[in-house]
Structure formats: structure tokens, C-alpha cells
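Have a look at the sequence and the 3D structure below. We will walk through some of the side-chain contacts together.

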Amino acid sequence: MASKTISSIAKELNLSRARVYQIIDMLDDNEKPLKDSNDRYVIDDSVVNAIRKYYANSNTKAKQEKTSPIDDKVLDIMRRQLDEKDRQIEKLTQLLNQQQQLNLSTNRQNEKLLDTTTNNNPSQDDNPSPNDDTDVLKPTESNSKGEETKTLKKGLFGWLRR
């Protein structure tokens, strides 16, 4: 009767030692290994087979749970939601296309307006008057040394330049 260790069983089944201990705790009382005088499990071939069997069954159950069929009600709900999302996407696509057409139309109108305003003759306000010398530095008549004085600028923000 060959006795195995927890470590050797763990390596053989590609499990951790802790998982092997968990499996041993879950075995039926008649399948559980006995302990020796040092409080270590005495594992014979029947215990190894019980561990393998339990491990194989637990893996099969886990795989079955992962691949269980989806409930028909849930599937119907998901289909309805998907159809609704498709309709929403279609509506948003239409709205986006309309917005792009509006932007294109507005850009064309803006270009036409710019072309018509640049082709017009400039108004009187666009040209400086010949007597406007607000930015010109010129000597004053009272100043005999020829020093220049700056005249105040006119306009809305002229007071900022003082």
C-alpha cells in the first residue's frame, strides 16, 4: 500500500496544496484519509482516487454552469433591446446627416456673404479721413525745439491709451 503526500497529489492534479486540503475536507467520511500519530494524512490509493473523482466532478459541474443555456425570456429581452438600439442608431444617423447638410448650407451662405461684402466699395467708415492724424507725431507750432508730441487717439478705447 503506497502512501502519497499532499504535495505529490497537488503536483499530479496541477492544484495547490490548499485546494487538495479543501477537497479532502469535502470528501465523504468513509473516503477521508486517516491521520497518523504526527497528525498527518495517510493517503492511500483509494483516497487518491476519491480526490481525483471529486476534482473531476467539480470541474465538470463548473464547465456545465459556464455553458448553461440562456433563458428564453432573457434572450427575448436582449433581442428587443438590441432592436431598440438599432432604431436609435438609425435615428441619430439621420439627425447627424441633417446637421451636416445644415452646416454645409450655412457655410455656403457665409461664403456668398463674404464675397459680396469684399466686392463692394468700402464705405466711408472703412477709410481714414484725410484730416485724421491721431497716430501721427508732429511738432507743434508752439514748440520751437522741434520736439514731437503725441496727440490723443480718438475712439471707444482712447481713454485706455492716456
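Which residue forms a salt bridge with Glu-84? The partner is Arg-87, and the closest N and O atoms of the two are 2.8 Å apart. A salt bridge here is a side-chain nitrogen of Lys or Arg within 4 Å of a carboxyl oxygen of Asp or Glu. Because Glu-84 and Arg-87 are 3 residues apart in helix α4 (residues 72-119), about one helical turn separates them. Helices (H or I, at least four residues) and strands (E, at least two) are DSSP runs, numbered from the N terminus.

Before going on, keep in mind that this is a predicted model, where local features need pLDDT of at least 70, side-chain atom pairs count only at pLDDT 80 or more, and totals for chains, interfaces and linings use all residues. Residues are numbered from 1 along each chain as its sequence is written, and side-chain values use heavy atoms, with hydrogens and water left out.

The structure holds 4 salt bridges. Now find Glu-12, which has a salt bridge with Lys-4, with 2.9 Å between the closest N and O atoms. Arg-52 also forms a salt bridge with Glu-12, and there the closest N and O atoms are 1.6 Å apart. This second pair connects distant parts of the chain, as Arg-52 lies in helix α3 and Glu-12 in helix α1, 40 residues apart. Together, Lys-4, Glu-12 and Arg-52 are linked in a network of salt bridges. Glu-12 is partly exposed, with a relative accessible area of 37%; buried means under 20%, exposed over 50%, and partly exposed in between (1.4 Å probe, protein chains only).

Next, turn to the rings. There is 1 aromatic pair in the structure: Tyr-21 and Tyr-41 are tilted, 6.1 Å centre to centre, with 45° between the planes. Rings of Phe, Tyr and Trp (its six-membered ring) pair if their centres lie within 6.5 Å; planes under 30 degrees apart count as stacked, over 60 as edge-to-face and the rest as tilted. Tyr-21 belongs to helix α2 (residues 17-26) and Tyr-41 to strand β2 (residues 41-42), so the pair links distant parts of the chain, 20 residues apart.
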